[in-house]
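Q: I have a structure open here and want to go through it with you. Can we start with the charged pairs and work inward from there?

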Amino acid sequence: MLSVKELKLFVQRLTQKEFRTQLGPFVLIQRPEGKAGISDTNKWGVPPNAQRTSMARPEVVESGSLSLLFQFDDLVVATVPPMEGVDELSVGRAPDNELVIEDSSASKRHAMLRWDAANNRCTLQDLGSTNGTFLNASVRIRRETTLKNGDILSFGEVQYWFLLTDTLYVKLRGGDSRSRL
């Protein structure tokens, strides 16, 4: 994972197209492990990579979503394989997912992200997870849903900020990308 601080240095040497080629069409930004909302155990003392899925706490989901918006420099970009054409990214606790979430509130097979390059859009689908997949801390995903630039995704108690790579590029270069979120 690269921190936002590291990416700020990296982005100064690349064009927007080169940056997009390196990271893919979108990024998922999160708090580093051990920061608010991500702990070594849940309230029942269950470790994050436990065999059983633990229940998510709504207050953790809500506070975690807000903290993503106010702690930008302390966040990290999740490492995901570059996506091209029509591509899928599995999300969950099992080690064979493309995006592994090491938290017991995430299901082994939690959700699926689908990128459609022709339409420049990403969709999210919950795969019947125990704790659900939420959009912007309030909307539970029940069917495949198209994501918007700047959405906050919650898989159990773990949140990610979904940003198009071009928006991140502008923000890291010092431009104001708020109008695009």
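A: Fine. Start with Asp-166 and Arg-20, whose side chains meet in a salt bridge at 2.8 Å, N to O. Keep in mind that this is a predicted model.

Q: Is Arg-20 buried, exposed or partly exposed?
A: Arg-20 is partly exposed, with a relative accessible area of 33%.

Q: How many salt bridges are there by this rule?
A: The count comes to 4. One of them joins Arg-109 and Asp-96, with the closest N and O atoms 2.5 Å apart.

Q: Where do Arg-109 and Asp-96 lie?
A: Both are in loops: Arg-109 between strand S5 (99–100) and S6, Asp-96 between S4 and S5. The pair therefore ties together parts that are 13 residues apart in sequence.

Q: What about the accessibility of Arg-109 and of Asp-96?
A: Arg-109 is partly exposed at 38% relative accessible area. Asp-96 has 52% and counts as exposed, because the cut-off for exposed is over 50%.

Q: Which residues are linked in a network of salt bridges?
A: Glu-88, Arg-114 and Glu-144. Within it, the side chains of Arg-114 and Glu-144 meet at 3.3 Å, N to O.

Q: And which parts does the pair Arg-114 and Glu-144 tie together?
A: Arg-114 lies in strand S6, and Glu-144 in the loop between strand S9 (139–140) and strand S10 (145–146), so the parts tied together are 30 residues apart in sequence. Arg-114 is partly exposed at 22% relative accessibility, and Glu-144 is partly exposed at 37%.

Q: How many of the residues are buried?
A: Buried residues make up 48% of the 181 in the protein chain. The accessible surface comes to about 9,400 Å², and 49% of that belongs to carbon and sulfur atoms.

Q: What share of the contacts is between residues 24 or more positions apart?
A: Counting contacts with a separation of 6 or more, such residues account for 55% in the protein chain.

Q: Now the largest nonpolar core. Which residues touch the most other members?
A: Leu-28, Leu-113 and Leu-153, out of 23 residues in that core. The elements that give two or more residues to the core are strands S2 (26–30), S4 (86–92), S6 (111–116), S7 (121–126), S11 (152–155) and S12 (158–164).

Q: Switching to rings. How many aromatic pairs does a search of the whole structure find?
A: It finds 4. One to look at is Phe-26 with Trp-115: the ring centres are 5.8 Å apart and the planes are at 45°, so the pair is tilted.

Q: Where do those two sit, Phe-26 and Trp-115?
A: Phe-26 lies in strand S2 and Trp-115 in strand S6, so the pair ties together parts that are 89 residues apart in sequence. Phe-26 is buried at 2% relative accessibility, and Trp-115 is buried at 3%.

Q: Which residues form one aromatic cluster with them?
A: Phe-162 does: Phe-26, Trp-115 and Phe-162 form one cluster.

Q: Last topic, Asp-151. Where is Asp-151 found, and is Asp-151 buried or exposed?
A: Asp-151 is in the loop between S10 and S11. Its relative accessible area is 7%, so Asp-151 counts as buried.

Q: What does the side chain of Asp-151 make a polar contact with?
A: With the side chain of Asn-136, at 3.1 Å.

Q: What else does Asp-151 touch?
A: Not counting residues up to four places away in sequence, Asp-151 touches Leu-135, Asn-136, Tyr-160, Trp-161 and Phe-162. The C-alpha atoms of Asp-151 and Phe-162 are separated by 5.4 Å, with the two residues 11 apart along the chain.

Technical notes. Residues numbered from 1 in each chain as written. Predicted model: local features only at pLDDT ≥ 70, side-chain atom pairs only at ≥ 80, totals over all residues. Heavy atoms only, no water. Core = buried A, V, L, I, M, F, W, Y, C linked by side-chain atoms within 4.5 Å. Buried < 20%, exposed > 50% of the residue type's maximum accessible area, 1.4 Å probe, protein only. Helix = DSSP H or I, 4+ residues; strand = E, 2+ residues; numbered from the N terminus. Contact = heavy atoms within 4.5 Å. Areas by Shrake-Rupley, 256 points an atom, 1.4 Å probe, with all protein chains shown as cover. Phe/Tyr/Trp six-rings, centres within 6.5 Å; stacked < 30°, edge-to-face > 60°. Polar contact = N/O pair within 3.5 Å; in protein donor to acceptor, adjacent residues only side chain to side chain.
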